[in-house]
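Subject: Structure handover

Dear colleague,

Here is the structure for your files. My notes on it follow below.

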Amino acid sequence: MTAFPQFRLRRLRRTDSLRALVRENHVEVTDLVYPMFIVEGSDIRQEITSMPGVFRYSPDALVPEIEELAELKIPAVLLFGIPEHKNEVGSSAYHPEGVVQQAIRVFKKAVPELLVITDVCLCEYTSHGHCGILADGQVDNDQTLPLLAETAISHAEAGADMVAPSDMMDGRVKVIRESLDARGFQPIPILAYSAKYASAFYGPFREAAESTPQSGDRRAYQMDPPNVREALREVALDIAEGADIIMVKPALAYLDVIRQVRNVFNYPIAAYNVSGEYAMIKAAAQKGWLDEPAVVLETLTAIKRAGADIILTYHAKDVARWLNRKQGDTHELSTFPKALSGGPEVFTGRG
Ligand code: PBG
């Protein structure tokens, strides 16, 4: 007797309360990390064309934004820097007065409890736009490692709470861990971009960060999109080298990778809902072709369902607004499922 008519799965779908009771996955504001672009200069607040609603800020223009993030209860940011000067070896990345180092201090002074995670990579700082330094036209792995370590240390010295290497050099987690420990930064965790693919979904980011490689591409260091067994090896190595949190990036076209990593490793998993994923939804929403809140929440829920614990997303502020509104609403047990079923009215006209 395991079939219709005794068994009716629709019984638990009948009302909001029933659906909320048996819901398996939830997106919460506490899951979110907001990536931000910090540009050298003063008084700059400049929208990124291919990422509507996302801005580049100079360090001195950050405070109102930081206060808004705190108000929205967003727990963490991920900082990217766009320096004034680029050179062959990306020295602005590890300069004590570099743009990210300045921004970290502004964050920590304004709202100390907001977690500041920093992207550790050279691509925004090198004149050639590659994530490591070049030798004979190739990105040289081992010569790059000490510069990444130096960058991580300078971020920690400026007050960063966590460092996130995104360069995909072999051995970087080990070198960064050892260097941090040697300098007394044992408590600083490493969020490793472990399975980072050579993806076309980074397009808008490269406009935002001015980090497009001047020649060639990143396929000799970022992962080949068809591979998933290799992702498990990348994750295993990063864990062995001391990663505290592992990341899969991008998220949407790689949900299967997130799931496989989840099945194998008992580590916190972060997924990066990248710039191209954001741009697609924004563009369709601007044309009125998609219901933005519903589609964003459905997308982030899918990333959680695939197995991620943490989501890095440019939608973070919007999502926090929608979800905080839901929380504050004591009369309705759950407005979230209505959002998922496409009722935009849920998000308007409520305090
Ligand atoms: C830098 C870096 C990139 C992203 C995060 N860190 C770009 C790249 O690897 O080319 C992409 C983020 C996004 O698209 O939102 N190495």
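Does Ser154 count as buried or exposed? Ser154 counts as buried because its relative accessibility is 8%, where buried means under 20% relative accessible area, exposed over 50% and partly exposed in between, with a 1.4 Å probe and protein chains only. Ser154 sits in helix H4, residues 141–158. Helices here are DSSP runs of H or I with at least four residues, strands are runs of E with at least two, and both are numbered from the N terminus. A polar atom of the Ser154 side chain lies 2.9 Å from the backbone oxygen of Thr151. Leaving out residues up to four places away in sequence, Ser154 touches Ala93, Tyr94 and Gln101; contact means heavy atoms within 4.5 Å.

Before the rest, a word on how to read the values. This is a predicted model, in which local features need pLDDT of at least 70 and side-chain atom pairs count only at pLDDT 80 or more, while totals for chains, interfaces and linings use all residues. Residues are numbered from 1 along each chain as its sequence is written, and side-chain values use heavy atoms, with hydrogens and water left out.

The chain as a whole

The protein chain has 12 helices and 12 strands. Its radius of gyration is 21 Å, close to the 20 Å that the globule rule gives for 351 residues, so the chain is as compact as a globular protein of that length. That radius is taken over C-alpha atoms, and the rule is 2.2 Å times the number of residues to the power 0.38. Along the principal axes, the C-alpha atoms fill a box of roughly 70 × 50 × 40 Å.

Of the 351 residues, 55% count as buried. Among contacts between residues at least 6 apart in sequence, 73% join residues at least 24 apart. The accessible surface comes to about 15,900 Å², and 52% of it belongs to carbon and sulfur atoms; the areas come from the Shrake-Rupley method with a 1.4 Å probe.

The chain carries 37 positive and 47 negative side chains, and the centres of the two sets lie 10 Å apart. Lys and Arg count as positive and Asp and Glu as negative, with His and the chain ends not counted. Each charge is placed at NZ of Lys, CZ of Arg, CG of Asp or CD of Glu.

Backbone points to check by eye

Two cis peptide bonds are on my list. One runs from Phe4 to Pro5, with omega near 10°, and Pro5 is in the segment before helix H1 (16–21). Another joins Lys249 and Pro250, with omega about -10°. Pro250 is in the loop between strand S10 (245–249) and helix H8 (255–264).

Asp136 has phi near 55° and lies in the loop between strand S6 (134–135) and strand S7 (138–139). Asp136 is exposed, because its relative accessible area is 80%. Glu210 has a positive phi of about 50° and lies in the loop between helix H6 (203–209) and helix H7 (229–241). At 41% relative accessibility, Glu210 counts as partly exposed.

Three further buried residues

Which residues does Phe80 contact, leaving aside its neighbours within four places in sequence? They are Pro35, Met36, Phe37, Ile38, Val100, Asp119, Glu124, Tyr193, Phe205 and Tyr272. Phe80 is in strand S4, residues 76–82, and is buried, with a relative accessible area of 2%. The C-alpha atoms of Phe80 and Ala209 are separated by 7.5 Å, although the two residues are 129 apart along the chain.

Met162 lies in strand S8, residues 162–165, and is buried at a relative accessible area of 10%. Beyond its neighbours within four places in sequence, Met162 is in contact with Val116, Ile117, Thr118, Ile188, Pro189, Leu191 and Ile245. From C-alpha to C-alpha, Met162 and Leu191 are 7.0 Å apart in space and 29 residues apart in sequence.

Thr126 lies in the loop between strand S5 (115–120) and S6. Thr126 counts as buried, at 1% relative accessibility. With neighbours within four places in sequence left aside, the contacts of Thr126 are Lys86, Asn87, Glu88, Val89, Gly90 and Gly132.

Regards

How values were computed: Polar contact = N/O pair within 3.5 Å; in protein donor to acceptor, adjacent residues only side chain to side chain.
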